[in-house]
Amino acid sequence: MASNDWRKSVVYQIYPKSFNDTTGSGEGDIPGIIEKLDYFKTLGVDYVWLTPVYRSPMNDNGYDISDYYEVNPQFGTKEDLKELLEQAHARGLKIMMDIVINHTSTSHNWFVESRKSKDNKYRDYYIWKDGTEAGPPTNWESKFGGNAWTYDDKTNQYYLRLFDVSQADLNWENESLRKEIYEMINYWIDFGVDGFRFDVVNLISKGEFKNSDGPGKEFYTDGPKVHDYINELNRNTFGDKEVMTVGEMSSTTIDHCLKYTDPKRNELNSVFNFHHLKVDYPGGEKWTLANYDFIELKRILMDWQVAMDEGGGWNAIFWCNHDQPRIISRFGQDDTEENRVLSGKMLAIALHGLKGTPYIYQGEEIGMTNPKFTRIDQYRDVESLNAYSAMKENGMTNAQVLDILGSKSRDNARTPMQWNKDRHGGFTTGEPWIDVAENYADINVEAALEDENSIFYTYRKLISLRHEMNHFTYGSVIPHLLKDDALFVYDRIYNEETVTVIANFRNKSTPFPEGFDTEGKILISNYGDKSTELRPFEALMLYRQTV
Ligand code: TEU
């Protein structure tokens, strides 16, 4: 990316299938996104990222691409996409596409060819191996459960698929494959897109194919040639263009992320990592109910903040996406309206002071919550359905499993956007592909826009502060009180001026920290004033000249 301005940007993430349906099919579409462009302007974001809209059997809602050059008819046509770009650009908005280059759908023509025979031209586009006495080539586990290899009797070999059986991993060792990928990305650059989010891009370089003591991550995470591949991708596609890039990095490290985002290395602009969203996975286990570890949350966020700041790297900062439960139901409290609004604003203020590119996931800005599904037939996500079967097989009761899914499933984030209090929250005139959360009559965009004290206006204010004040983009990051059990506190220092962010993560009052300078002008707060103590879920940003 030639210019530096992208660092001041804020991105809004759309999950198109659940955003806005204009046809009554029960699934969102691209014309539905066009209809809402003015809404993004009202919020004030710069980029809009669409999760994949390419042709796909939708086993993993588009992360299983069968044709990179076509739009899934469910979402509309390529003309609709062109129209979206034009209308967005006319409003000064930019559009980011999601690119999945670690794997394709097994319905992709490359894979259809690849599995035909061992000497097929496309055989080597994927990772095929002979089995062993134990069965699969290695004991690696799929991220969606079970062994990561699938046997194909056509050629008596196994193919690697780190995700679903229908998502075969591509073989980046193959130069023709890499060239085809670059060609495809250039096609979308020429089409007019302004940015890319690269799905699990740190998994593209597989190392040795050996058995592991764990799920096998060490053999393919940030693998041996990953930086070479990403650098090659950069040089052959977006490197010299006005295209913003973010890589989704699974189980990565700070050292690798400093490399991925070091401008001198010509790899990517920024990275997502997920370590701060595993603080409620006891012993690394997602499918277990547990309170989140607040001290650990601060440690992880601040380790990354400080290291990326000092090392010249760049983070994406976020609480929510289409793979994570809703943040208010997770680190906040959604039991009463007062708690929902206070904790929702507090979480927004705590995050949006950090250094990096903020991402807002659809519905986060109005404080949407987990839907609290009570039946398994309400779930759609392949990962959740696999986990359901596995937990049942392990002897858990239906009620126990539903409890866990209710707080951990990816479907918690995938329920339809709540636009108004009409049937199905105004998302569709048909039957939605997944139930709308029952609280839509109270929590919806129309209500949020009408109420000047809504969570929406806190997000809007945070975005405009970032645009107006360089502190958030360029200021250094100084963490405080890392061992405090309630408060999340840090300074952003720029030009001898300090912005202090103070957030009380607990639903009880706590004194202002002793010996700590809490003077200054209030830039934003969720109570509107300052008291002698920090009230439940209170958060504020204070500005002062540094003496
Ligand atoms: O996710 C990658 C990933 O590793 C996780 O976020 C994963 O979904 C999570 O650990 C499961 O709990 C990306 C996409 O965001 C996700 O939606 C896709 O399913 C996945 O890649 C495969 O393409």
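## Strand S15 and its neighbours

Two strands are said to pair if DSSP finds at least two bridges between them. In this predicted model, strand S14 (residues 316-317) and S15 run parallel and are joined by two bridges, and one of the contacts can be named, since Ala316 has Thr357 as its bridge partner in S15. Strand S1 (residues 11-14) also pairs with S15 in the parallel sense, here over three bridges, and within S15 the bridge partner of Gln13 is Tyr361.

How enclosed is strand S15 (residues 357-361) by the rest of the structure? Five of its five residues are buried, so the strand is largely enclosed. In a regular strand the side chains alternate between the two faces of the sheet. Both faces of S15 are covered, with Thr357, Tyr359 and Tyr361 buried on one side and Pro358 and Ile360 buried on the other.

Across the whole structure, a search finds 32 salt bridges. One of them joins the side chains of Arg91 and Asp38, with an N to O distance of 2.7 Å. Because Arg91 lies in the loop between helix H3 (78-90) and strand S5 (94-100), while Asp38 belongs to helix H2 (residues 37-43), this pair ties together parts that are 53 residues apart in sequence. Arg91 is partly exposed, with a relative accessible area of 25%, and Asp38 is likewise partly exposed, with a relative accessible area of 46%.

## Salt bridges within single helices

The side chains of Lys179 and Glu175 meet at 3.6 Å, N to O, and both residues lie in helix H5 (residues 175-191), four residues apart, which is about one turn of the helix. Lys179 is exposed, at a relative accessible area of 52%, whereas Glu175 counts as partly exposed at 47% relative accessibility.

In helix H10 (residues 337-352), Glu337 and Arg340 are three residues apart and are therefore separated by about one helical turn. These two residues form a salt bridge in which the closest N and O atoms are 3.0 Å apart.

How values were computed
Residues are numbered from 1 along each chain as its sequence is written. This is a predicted model: local features need pLDDT of at least 70, side-chain atom pairs count only at pLDDT 80 or more; totals for chains, interfaces and linings use all residues. Side-chain values use heavy atoms; hydrogens and water are left out. A salt bridge is a side-chain nitrogen of Lys or Arg within 4 Å of a carboxyl oxygen of Asp or Glu. Buried means under 20% relative accessible area, exposed over 50%, partly exposed in between (1.4 Å probe, protein chains only).
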